[in-house]
Amino acid sequence: MGELFIKLFEDMYLMIFSSMNSHGLSILLLSLLTSIISICLSLFFKPYIDGNKELEKIVFREIKKINSNEINSIERLIQIERLYNRFNYHPFLNFFNVLPLLFQLPFLILAYYFFSDFSSLKDQSFLFITDLSMPDKTMFTLNVLPVFMTFMSILSLFVLSSFSIDKFIRGCALAIFFFILLYQEPSSLLLFWTFNISIMFFFNLLTYLHLPINSRSSFSDTFRMITGFLINPYFLKIIILANFTFVIYGIILKYFLQYDLSFSVFLIFILFSFLLLILFCGLFFYSTNIKSFSEFTLSFKKMAIVDNISFYDGILLLLPTSFLLQIIILNSEMLGIEQIFKVFLFIFPLIVIVPIMFSLMLKFFLPPLLTFIFIISVTAFILLLPSLSFLYSWYFYADNVIPLAIFILIFGFILYLRKLDRVSLYAVTCLFFFSMVGGSTYTFYNKEDTKLKSSSLGRDKTKLLENASFVSKPDIYLLTYDAYVNAETLSNYGIDNKDQEKFLTSLGFDLYPNTYSIASSSLSTMSLVLEGSDKIHGDSFRKNTAGNSEILNLLKDNGYVTHGILKPYFFLGEKIEYDTFFPKTYPKPNITLFQSIISGAFHFDAFDERFGDFKYEEWLLEKRKSLRSKGKAPRFVYAHSPFPKHSQNSGQCLKDEVQKFSKRLKIANLEMKIDVKTIIEQNRDAIIIINGADGPYLTGDCFTLKNFYNDHEQITRLDLQDRFGTFLAIKWPQKTQNIKSNKQIITLQDTLPKIINTIFPSSQLFRKTISNKSLGILGSGPAIKNGIIQIGINKSEKLFEGVIKSVKKE
Amino acid sequence: MLKLRYYSVTFYLFIFFNFIFIYPSYAYLDPGSGSALLTSIISLLAGLLFTLRRAFYKMFFKKVLKSNSIISGKIIIFNDSAIYWNSYSKIVKLLIKYKIHFQYYTFDKNDKGLLIDSQYMHSRYLFNNLFGLAKWKKINGNILLTTTPHIGSKGYLVRPVGVKKLVHFFHSITDIGYYKKYSLDAFDEVLLAGTFQTKSIRSIEHLRNLKQKQLIEVGLPYFDNMLENINYYSITKKKKTILIASSWGNKGILKNYGTKFAIQLSQAGYEVIIRPHPHSFKVEFLDIKKYQKLTSFFKSISWDHTCDPTRVMNEADLLISDTSSIRFDFAFIFNKPVITLEIPEISLSTFEINDLKESWNEDLALKIGEVIKYSEVSTIVKVVSNLLNTKKESQLLLLRNEYIANINVSADKVVSYLRKQA
């Protein structure tokens with residue numbers, strides 16, 4: 001049904017376009033047409049709506065009187081019911097007021113779906129907009145259309161028939177809310193919508209001017225009320241305090257966490273504040289009604305916004321606490337119980353002490369309640385940033401103006417509600433707290449990886465291991481290169497990697513060009529590989545990658561010495577069970593988490609280079625040392641290189657994402673060549689496994705594709721190769737090279753079972769082939785099964801076609 | 001409910017914060033009318049909470065709620081506009097005092113009658129649309145008392161089938177000459193302000209061959225109400241104040257004479273207050289705006305927009321009006337003279353006066369002041385000056401007692417009548 005309407009909308013648009021031959025003008029005309037239809041329908045129902053509003057006003061006034069009487073709740077209910085009867089009224093009637101919206105809303109929803117997915121707008125320019133399918137980004141990285149939209153929304157508040165500061169505040173809050181909601185949408189949609197709002201503004205202006213003078217607010221009264229509200233010392237002091245706070249925070253980011261703050265939200269904020277100050281001064285000196293500064297101080301004090309701080313205001317501390325708990329819950333897998341307590345015990349006192357401390361310290365500057373609410377808003381905002389970064393796919397949130405709007409909204413919301421009805425504020429804070437904690441817990445237990453580990457194969461491995469013995473005990477090297485994929489996938493990005501594969505085959509490696517991982521992240525992939533399973537028993541992926549997997553334990557029980565040379569990311573929060581491992585020291589998860597919170601985002605590289613003592617060069621030396629060494633006992637070496645490494649996981653591709661990957665691939669290739677040569681020189685009969693852990697994530701949004709596709713039906717073969725695709729090359733010992741079954745590896749997770757079956761034939765452990773169904777993507781069922789794609793555009797086709805595109809060599 | 005509303009606001013914001021902070025949001029709303037949506041959501045939640053709360057109390061306190069349900073009364077009072085509440089207020093108070101159950105209907109949400117919460121008064125606001133009219137048709141009772149004429153006339157409200165007797169009472173000192181044609185044709189009985197109204201009613205009945213209505217002299221409840229509530233006060237003024245009160249529509253002096261005479265009076269040194277009929281602001285707003293613009297340069301001319309005219313009537317020394325019955329209120333309550341500006345007959349073709357041979361109102365107009373013909377309006381300054389210098393107070397008091405029956409007890413008479421009928 002919805003599709004039919006979108007089709008009609010599209011036909012309407014195309015019809016206009018065929019005569020206008022300009023996408024920009026067609027959007028404006030379409031917006032005009034929809035506005036006219038909405039206005040006509042609104043005018044038709046206006047008498048009903050106006051009458052209803054008037055009735056509502058009278059009834060609410062009378063209810064207020066009833067509520068002010070000291071009567072019991074039954075008597076109150078009876079009186080209200082009698083009032084409803086007399087006025088023939090029911091609260092449900094007020095839904096009448098929303099009729100104009102119901103006429104407008106369908107057009108807007110249609111526009112949203114249509115413009116978000118209308119490919120013809122790509123690279124189409126109009127006026128100052130260079131690409132109608134993208135946000136306009138007219139001023140540096142700032143989108144101008146959403147700013148203009150917000151301006152028009154606020155302007156429309158001035159033509160209300162009865163202006164009040166309360167309505168003004170609510171209107172501004174709503175305008176900011178829509179700014180946040182639509183800021184990153186395509187400029188075509190913003191153009192449509194902003195034009196729509198502008199038309200509505202002029203229509204409302206005409207209606208306003210047509211109203212009898214005595215039944216509308218005059219512009220001078222409106223201006224005086226706003227001036228009276230804005231020009232007060234507390235307002236200015238809060239802006240000064242906010243600037244000071246953000247400058248300090250900016251210094252921490254720039255000089256302690258080395259973020260580039262060339263154009264950031266803080267600069268915008270300072271600029272914005274400066275403009276506000278100019279506006280205030282202008283209003284102050286221009287307005288004829290302002291006699292003295294102290295007059296306004298007095299009037300503002302009367303507004304009761306500077307209530308005394310009460311003991312119950314402590315409930316507000318639940319707001320930042322809820323965001324902290326959300327972060328902890330969603331990262332609890334990484335942290336573990338001990339670390340969770342450490343994080344909580346470290347950050348929670350800060351959440352509590354800082355607002356109280358600052359409220360007391362700044363008592364001379366601002367009333368304690370204002371400072372308390374301000375600091376709570378700042379802490380809540382900072383703790384919220386990681387979630388926002390994830391939600392909006394920001395690589396670095398400070399490049400964006402939305403956080404600023406969100407901060408203003410949080411602060412304004414708390415302040416407004418505290419003034420309006422503080423009991424409601426406390427109630428809503430408690431509700432918010434419980435819903436956030438509950439929601440986060442639910443999200444945590446329902447994420448895909450967790451679902452995966454909740455089921456079990458049900459095999460009793462211990463029994464299968466009884467009375468079995470190894471026929472041979474070759475050294476096993478599992479050399480993983482993060483996000484390394486086969487030549488076919490690489491050729492699709494325009495990268496030629498055939499030489500590397502030739503190099504491996506020349507050394508006797510068998511290539512497995514059709515393998516893929518059943519999972520799509522390094523951690524889950526390698527955890528399943530080390531477990532030799534499609535399902536994980538136990539509590540944590542990291543338990544396996546930290547050396548405590550079934551296969552590693554089996555090898556250890558049979559005399560193997562295990563070595564883990566990994567990225568710290570694979571150890572966090574787990575007891576390391578490798579006999580030897582590197583790095584010996586790595587950043588504590590609680591410290592990493594704390595730094596991530598401060599920086600406002602959890603980046604993939606947060607656990608590698610940026611934080612802690614870990615250095616790639618040191619890691620590489622340690623790896624080579626381990627590969628070169630040879631002991632009496634057989635060895636299992638798992639080395640996981642951070643190169644070539646997949647894209648950053650912000651959910652937005654960088655402009656040169658593929659080029660960057662290509663450079664990193666060269667490093668990985670070189671590392672691989674030296675690794676292989678080092679092993680072969682020392683240990684010709686070793687089993688060497690070379691693999692990638694997941695895809696490079698270079699297509700779509702360079703992340704989960706949630707920002708790129710509406711559903712999984714649009715996913716392509718390359719998208720799947722880009723996420724589930726891996727690389728696998730194995731150098732088998734001379735004696736086992738002719739075993740046919742060894743050639744049949746479909747999923748990466750099947751690799752170690754095949755090796756165990758070869759060197760440990762009496763074991764029944766891996767006689768049953770493990771599942772080759774991959775996980776889903778964008779809410780789909782298994783994306784790949786038996787090497788055949790199950791979803792999207794290339795459904796029922798092979799994941800790998802076996803065709804390597806010819807690529808011009810650099 | 002306001003408290004409930006605040007809770008609903010916070011609840012909505014809570015949902016909104018949860019929505020954007022935990023889950024990706026694809027919500028899309030119109031900022032312009034978003035405010036309306038917000039209010040509607042609040043109302044919807046408030047309605048839901050009220051319904052749930054009511055259901056809860058109904059379950060546990062059935063008897064208490066049941067005793068408050070609507071009981072229909074045999075007496076029905078109907079008021080179509082809040083401006084006539086003065087006529088009903090004393091009657092309603094007495095009916096409640098005597099514990100007589102009655103139904104009260106109004107088409108005006110601003111009707112003060114709706115604010116009275118009494119177990120004897122079963123009030124209901126009727127929507128001014130098809131739903132309201134449907135409800136109106138279903139009204140039933142022994143007697144329907146109203147000051148609204150036209151009920152049952154073509155093009156106006158139909159007479160409810162379930163009403164046995166339709167009774168009219170007056171809300172001004174007038175005969176039916178200035179009622180629209182056929183106004184009282186469908187009525188069964190008329191409660192008279194005084195016997196002076198009999199003549200015009202009988203003439204119309206005779207002219208149209210209508211069944212004779214029962215006419216009962218009760219007096220004027222609205223007049224009593226005004227007398228009771230008026231606060232007489234004296235103002236020290238340098239200039240004499242002239243009040244110009246115009247009817248709305250074709251019979252109004254503003255429509256027929258414009259503002260020229262008002263400007264003349266202003267220039268002659270009088271303070272002038274122009275008071276259009278409150279209905280004018282609804283039906284002829286642009287004309288009023290035009291008149292206001294024309295007089296805006298004269299500081300001694302002001303406009304009165306209030307619903308209650310008593311303040312300006314108290315301030316004024318003399319009233320200039322048209323056919324409006326405010327003339328007699330001014331003369332009989334404040335004992336001050338009145339000038340009537342004649343309205344050309346052509347403008348009165350839709351009124352009963354067109355069918356009547358003589359007009360009681362115009363006869364009385366001569367007794368309470370002066371009548372100026374359309375062609376002689378330029379003499380107005382002179383007439384005003386003469387009239388202000390003539391003492392007419394005792395004469396006006398005598399006239400009042402002659403024409404209006406049962407002063408101060410008219411509402412008792414009406415209620416007594418209603419009790420007998422019900």
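For the burial labels used on this tour, a residue is buried under 20% relative accessible area and exposed over 50%, and partly exposed in between. The model is predicted, and over all chains the count comes to 29 salt bridges.

Begin by selecting A:Arg61 and A:Glu62, whose side chains meet in a salt bridge with an N to O distance of 3.3 Å. A:Arg61 has a relative accessibility of 43% and is therefore partly exposed, whereas A:Glu62, with a relative accessible area of 8%, is buried.

Next, stay in chain A and select A:Asp675 together with A:Arg624, which form a salt bridge whose closest N and O atoms are 2.9 Å apart. This pair links distant parts of the chain, since A:Asp675 belongs to helix H26 (residues 657-682) and A:Arg624 to helix H25 (residues 616-628), 51 residues apart. A:Asp675 is buried at 0% relative accessibility, and A:Arg624 is buried with a relative accessible area of 11%.

Now move to chain B and select B:Asp304 and B:Arg275, where a salt bridge joins the two side chains at 2.8 Å, N to O. B:Asp304 lies in the loop between strand E10 (301-303) and helix H12 (310-315), and B:Arg275 lies in strand E9 (residues 271-276), so the pair ties together parts that are 29 residues apart in sequence. B:Asp304 is buried, with a relative accessible area of 3%, and B:Arg275 is buried with 5%.

Finally, select B:Lys181, B:Asp185, B:Arg208, B:Glu352 and B:Asp355, which salt bridges with shared partners join into one network.

Key: Residues are numbered from 1 along each chain as its sequence is written. Chains are lettered from A and ligands numbered from 1 in the order in which they are written. This is a predicted model: local features need pLDDT of at least 70, side-chain atom pairs count only at pLDDT 80 or more; totals for chains, interfaces and linings use all residues. Side-chain values use heavy atoms; hydrogens and water are left out. A salt bridge is a side-chain nitrogen of Lys or Arg within 4 Å of a carboxyl oxygen of Asp or Glu. Buried means under 20% relative accessible area, exposed over 50%, partly exposed in between (1.4 Å probe, protein chains only). Helices (H or I, at least four residues) and strands (E, at least two) are DSSP runs, numbered from the N terminus.
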